[in-house]
Structures are given as C-alpha cells and as structure tokens.
Amino acid sequence: MNNFELYNPTRLCFGKGQIANLNTLVPADAKVLILFGGGSIKRNGTLDEVTTALGNREISYFDGIEPNPSYETMMNAVKKIKDENITFLLAVGGGSVIDGTKFVAAAAKFDGEPWDILLKMGANINAALPFGTVLTLPATGSEMNSGSVITKKDENAKLFFGNPLVYPLFSILDPTKTYSLPEKQIANGVVDAFIHTIEQYLTYPVNAAVQDRFAEGLLLTLIEQGPRALIEKENYDVRANIMFTATMALNGLIGVGVPQDWSTHMIGHELTALHGIDHAQTLAIILPSVLREKETQKRDKLAQYAERVWGIIEGDNATKAAQAITKTEEFFHTMGIKTQLADYDLGKDDIAQIIKQLAAHGRTTLGEHQDIDLATSERILQRSL
Ligand code: NZQ
Ligand code: ZN
C-alpha cells in the first residue's frame, strides 16, 4: 500500500426527512443563495421543502445551471453573489449544480480571471464561500469531494479543478428525492459510480486489501441494485443503497494508497465537450476499450475483479480478464447504456478531432503508468467504433 493522508470534512446527513436539518446546518444570520438546475427540484417538491427548512433566513435564487455546467452561466451567479452580498451557498440538485456551486464559491473570492482556476486545476484558490448541498441525483460523488468539472463553451473545453476549500460543509442525501429521476439519469448515475470505482481499483496490485474489498463491495452493490432501481421506482432501500454507494465511490476513501487510472474520464470529457454526449455515456463507450488496450498491464487486477465481482473462476488470468470486460460491457447494456461510438453517430472521421482536443488540454500521459499517449488514446477510440 502506498503512503497516504485521508481528509474529508463533509458532514453527511442521510435519510428521509433530513432536509429539515438545514435549519441548524445553515448559519442563522446567513444570506443564502440557492443554486439549482432546470426545474426538477420545483416539480418534485424539493425546493419548497428546502425553502421551508430555511425559515426566516434571507434567500435568493439562481436557476438554470445546465448539465455539464458552463463557465458562462456560472459567472452570472458570481455577479449575483457580489451584487447581493451573499454569505452562504446552497446547491440543490445533481453533480452539475454542485460542481457549478463549487466553482462560484471559489470564483467569488478570486482575484483575477476565474477561468484561471480551471487552468491551474484549483491550485491557485486561497478562499471560498461556505456552501452545503442537497443531492437529488446519486452519481458523481461531488457531494462529498473537493472536485468540480466546468465547461467553457466557446473553447469546447471541459476541465477539472480541485481544492480542499471546496469540500461541501454538509450534504443532505434523502433517497426519496431521487424517485422523480428519469430512467436515463438513474442509469447514468449507476454507471458513473461504477466507473469511478473501477478507475481507482483496476490498475495493478499494491496489497491494499481494505481498498480492494471496499471497491468490490461497491461494484457488487451497483450490479445488484442498479437494474432494480430501473424497475422499482419507489423502492426506498434500493435508492438508499445506490445513493450511499455513489457517494462512497468518489469521496476519497477507496482511492487512498492505491494507483489510479482516470484515462476513461479524461477521454470521456472530450466527447461531452465536442458532441454533448452525457458524462456517463461517454465513460461506457471508453472504459471497455481502455481495459482491452491495457489488458496485459491490468491483467492481475482484472483477474481478481473477474473472480470476486463476477464469480468467474475457470481459465487462466487472460481468459478471466477477457470475460470480466465482456461482463462489464453487458452490465452497462442492462442499464440501458450503449457502448460504441457508432451508437452516437460518431465514426472514424471524428477521432482526429478528439485527439486534437486531448492534445490541446495536455491529456497526453494518462493512466496509472502515465503511458497512455495520444497514439494509445487513438487506438482506444478505434476500439470503440
Ligand atoms: O436541471 P434539472 O432540472 O435539475 O434536471 C437534472 C438534469 O437535467 C436532472 N435531475 C437531477 N435530479 C433530478 C433530476 N430530474 C428529476 N428528478 C431528480 N431528482 O438530471 C439531469 C442531469 O443532472 P446532472 O447534475 O447534470 O447529472 P450528474 O449528477 O450526473 O452530473 C454530471 C456532471 O458532474 C460531473 C460531470 O462531468 C458532469 O458535468 N462530474 C463531477 C465529478 C465530481 N465533481 O467529482 C466527478 C464525475 O466524474 C463527473 O465528471
Ligand atoms: Zn464521472
């Protein structure tokens, strides 16, 4: 196991009725800005519940945060915060609303052009407004981590930043708030959480028994509960298990002390930025090809994954690895998510542009060995045609 430090200050309030806790979680004298997306929280009653829980506090609203939140939209929120002397932010929604809120929390306190936060990946943040979240879509783990992904539309750039100053102070996770999710978003969430786990697990062995067993537990839970969530629309236990799994998949715990491979996410971000494909859909296209391309380097962990997660015990490690990759792909199909570029009307002529964008964003040494260069990414994309 590699050396590590584990720090996560986010308070998690989990379960039915937890939104009422906002009354004690948000400072009594706060001037609150509630940030949200296209209106799902109005339709499912979450916004009313949040507003009631905040009692007499002064509240403003910022809506219209789009999936894959844009710098352009979020800068309007920064202006509002400054104009109205807002002191506390409350993100109510999915990963996009939370990521957007993290960006404005930092941008509102930033000297200079806030896009630099993305260009320096958050290393230049010295302060941020305090914020909490009410999660409505289990997927990204953003509710309990210090990362955020923001898109600059005019450059087709979807970039990441992270800083301990943008951990949410608290996150409220009420599984009943996910009942209104359309099937596609449930599936996206399950697949995103699955792939977050895989990217911290399927590298090479470092004798990190706890991290491995935790990761395998999360994967098994998603395989078991994910398809049920598509059918059993209001099964509280299913939604609760998925919600906690998605949070645990990317709150730092399973990633400590182990090598990580975020190549699927990095290539996937280019597909979203260029072609508007949903985040999780891009991952389902890229991951199986990454695993096949790097099968030799990843074989030991792939065989472990095959045995412990998929129960594949026959054959040598190469056979087990190949079968586990096929099982993974089939799981995405079971969730209703397609896995080829052609499924999204993309073909070999589109690959050059994706490679150009990877180069422009410095994504040239990806993977746990930093050896996924542009030529390797090109082969990965060709495998996904
Ligand atoms: O905008 P509204 O009307 O709220 O509708 C949203 C949106 O259209 C809808 N939705 C959310 N909760 C709902 C609901 N509809 C009905 N009922 C509910 N309870 O779902 C749609 C998608 O929402 P979005 O927030 O975009 O989805 P998700 O949570 O998957 O977030 C995706 C974003 O997070 C980033 C992605 O790149 C992408 O930009 N990620 C952030 C990470 C992080 N901060 O750690 C890690 C991830 O790997 C990921 O990159
Ligand atoms: Zn993701």
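A polar contact is a pair of N or O atoms within 3.5 Å; within protein, one must be able to donate a hydrogen and the other to accept it, and residues adjacent in sequence count only if both atoms are side-chain atoms. By that rule, five residue pairs (both at pLDDT 80 or more) are in polar contact between domain 1 and domain 2. This is a predicted model, where local features need pLDDT of at least 70, side-chain atom pairs count only at pLDDT 80 or more, and totals for chains, interfaces and linings use all residues. Residues are numbered from 1 along each chain as its sequence is written, and side-chain values use heavy atoms, with hydrogens and water left out.

**The two domains**
- The protein chain splits into domain 1 (11–177) and domain 2 (183–383), with bounds from an automatic or database domain assignment.
- Their centres, taken over C-alpha atoms, lie 26 Å apart.

**Where they meet**
- Contact (heavy atoms within 4.5 Å) links 24 residues of domain 1 with 24 residues of domain 2.
- About 2,000 Å² is buried between the domains, 65% of it from carbon and sulfur atoms; this is the accessible area (1.4 Å probe) that two parts lose on being put together, summed over both.
- Pro-138, Asn-156 and Lys-158 supply 28% of the area that domain 1 buries against domain 2, more than any other three residues.

**Charges across the interface**
- Zero salt bridges are found between domain 1 and domain 2, counting a side-chain nitrogen of Lys or Arg within 4 Å of a carboxyl oxygen of Asp or Glu.

Notes
Chains are lettered from A and ligands numbered from 1 in the order in which they are written.
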